[in-house]
Amino acid sequence: MAEGGDRGGQQAACGHDSYRSPLASRYASPEMCFVFSDRYKFRTWRQLWLWLAEAEQTLGLPITDEQIQEMKSNLDNIDFKMAAEEEKQLRHDVMAHVHTFGHCCPKAAAIIHLGATSCYVGDNTDLIILRNAFDLLLPKLARVISRLADFAKERASLPTLGFTHFQPAQLTTVGKRCCLWIQDLCMDLQNLKRVRDDLRFRGVKGTTGTQASFLQLFEGDDQKVEQLDKIVTEKAGFKRAFIITGQTYTRKVDIEVLSVLASLGASVHKICTDIRLLANLKEMEEPFEKQQIGSSAMPYKRNPMRSERCCSLARHLMTLIVDPLQTASVQWFERTLDDSANRRICLAEAFLTADTILNTLQNISEGLVVYPKVIERRIRQELPFMATENIIMAMVKAGGNRQDCHEKIRVLSQQAAAVVKQEGGDNDLIERIQADAYFSPIHSQLDCLLDPSSFTGRASQQVQRFLEEEVYPLLKPYESVMKVKAELCL
């Protein structure tokens, strides 16, 4: 995403003898890689030069139809070798491509880039790329939410042990826990859509944003300069352009963009960490293929490699927000070029990373495996302690003394806890209660008092209401792409 003047034009060698970004070569989708490719960028530069020439012609500048047609015919005729050679000599990427475009458009060469500065193509292309990259991410995020919503709905009433501080807590349901994940992702979907829709075109502003060069071209006709800006903005598909810019659009836009992507990274990291912890508890697992190897040394292992990949890349995504924060803070006056090299790395990497973790999380969510028997066993281990208050209340209703009952339960609970912690045995509190004549008035009620579904409160109703009122309406604009399956990269 270099802006004119960054002279880092040397092309790295391809193949196995040179470093290649794992994001592009290993992880991200082909469509996201293409949006950030040289071909897409430089083709968009040519499209912007064409739109500028068309608008200038419409407003009366002496540009011929033949020149316009010549530019149209050569939008995709990019000689990358020539451009690289030009840049090596000129040390200016935009002018290298002006010359390269002019070489295949000799009749139009004189009017290409007329009145513009490098940021006309550089910044406006960046904004087009950011918009298109968001358009790739949004349906992918919607699909992840949809898959998890299906999972939550199916398991809305399946009791599971809750954890606070990763210590046993009151019961919840598998579906309700999944809704905690979905709620965060819904916030991310809304935030990504908001930032995408808030993107404004830099437009046709000239070297320091004053439009002085265009005012000169149109002999002081202020209205035509306004029209020129409006026409090109509409051709690029933006509803509005910045009224005020320096040489660049404000770099706070990049902060907004990477903020929502970093926030998405935090959401995915939390979700995949939960899945990794549940895999250790053997309550839930991500998909595991028939020939997949979990460990080169331990054949029995089923490592949660997809979730680990998401966490690994999400950490990288979260750190990238520092780049645009620092860049925006040091843009001297109308601009300085120390943004360029930084932005060409961090903006592309942020979207390629987000793309990768969404593809991977969709793959995970399409094949999550739950083990109800393991969940049930863990509930049986912890539920007797959680049921003590219910048992006390039942004894009081049967005529017992609350304080006496509390002491009895306390003693038996300590004995059962010692069996679990010191002897490694199972929780036998209920067996102890059943064997104690003091509790005989409620022995027949114990099964009912220990029914896990009676400990999950309104979890299942909350799941149903949340999905119907908040999730499904949010997903409605993406219904046409919901059937697309995720392809897991290497």
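This report covers confidence, salt bridges and surface features of a predicted model.

## Confidence

The protein chain has an average pLDDT of 93. Residues scoring at least 70 make up 94%. Residues 7-13 stay under 50 in pLDDT. For that stretch the model has nine contacts beyond four places in sequence.

The whole structure holds 27 salt bridges. One of them pairs Lys235 with Glu54, with 3.0 Å between the closest N and O atoms. Lys235 is partly exposed, at 34% relative accessible area. Glu54 has 13% relative accessibility, so Glu54 counts as buried.

Glu66 and Lys107 form another salt bridge, with the closest N and O atoms 2.6 Å apart. This pair also links distant parts of the chain, 41 residues apart. Glu66 belongs to helix 4 (residues 65-73). Lys107 lies in the loop between helix 6 (93-104) and helix 7 (118-154). Glu66 is partly exposed at 47% relative accessibility. Lys107 is partly exposed, also with 47%.

## A salt-bridge network

Asp123, Arg251, Arg335 and Asp339 are linked in a network of salt bridges. Within it, Asp339 bridges to Arg335, and their closest N and O atoms are 2.8 Å apart. Asp339 is buried, with a relative accessible area of 0%. Arg335 is at 16% relative accessibility and therefore counts as buried, the cut-off being under 20%.

## A nonpolar surface patch

Val330, Trp332 and Phe333 make a nonpolar patch on the surface. Together they have about 420 Å² of accessible area. Trp332 is placed in the loop between helix 13 (322-329) and helix 14 (340-365). Its relative accessible area is 59%, so Trp332 is exposed.

## Met305 and helix 12

Met305 is in helix 12, which covers residues 305-319. Its relative accessible area is 30%, so Met305 is partly exposed.

## The annotated C-terminal span

An unreviewed UniProt entry annotates residues 383-467 as "domain: Adenylosuccinate lyase C-terminal". In the model, this span is 65% helix and 0% strand. The C-alpha atoms at its ends lie 28 Å apart.

Technical notes: Residues numbered from 1 in each chain as written. Predicted model: local features only at pLDDT ≥ 70, side-chain atom pairs only at ≥ 80, totals over all residues. Heavy atoms only, no water. pLDDT = per-residue confidence, 0-100. Contact = heavy atoms within 4.5 Å. Patch = residues over 30% accessible without salt bridge, like charges linked within 9 Å, V, L, I, M, F, W, Y side chains within 5 Å. Areas by Shrake-Rupley, 256 points an atom, 1.4 Å probe, with all protein chains shown as cover. Salt bridge = Lys/Arg side-chain N within 4 Å of Asp/Glu carboxyl O. Helix = DSSP H or I, 4+ residues; strand = E, 2+ residues; numbered from the N terminus. Buried < 20%, exposed > 50% of the residue type's maximum accessible area, 1.4 Å probe, protein only. UniProt positions renumbered as here; feature names shortened; annotations may be inferred.
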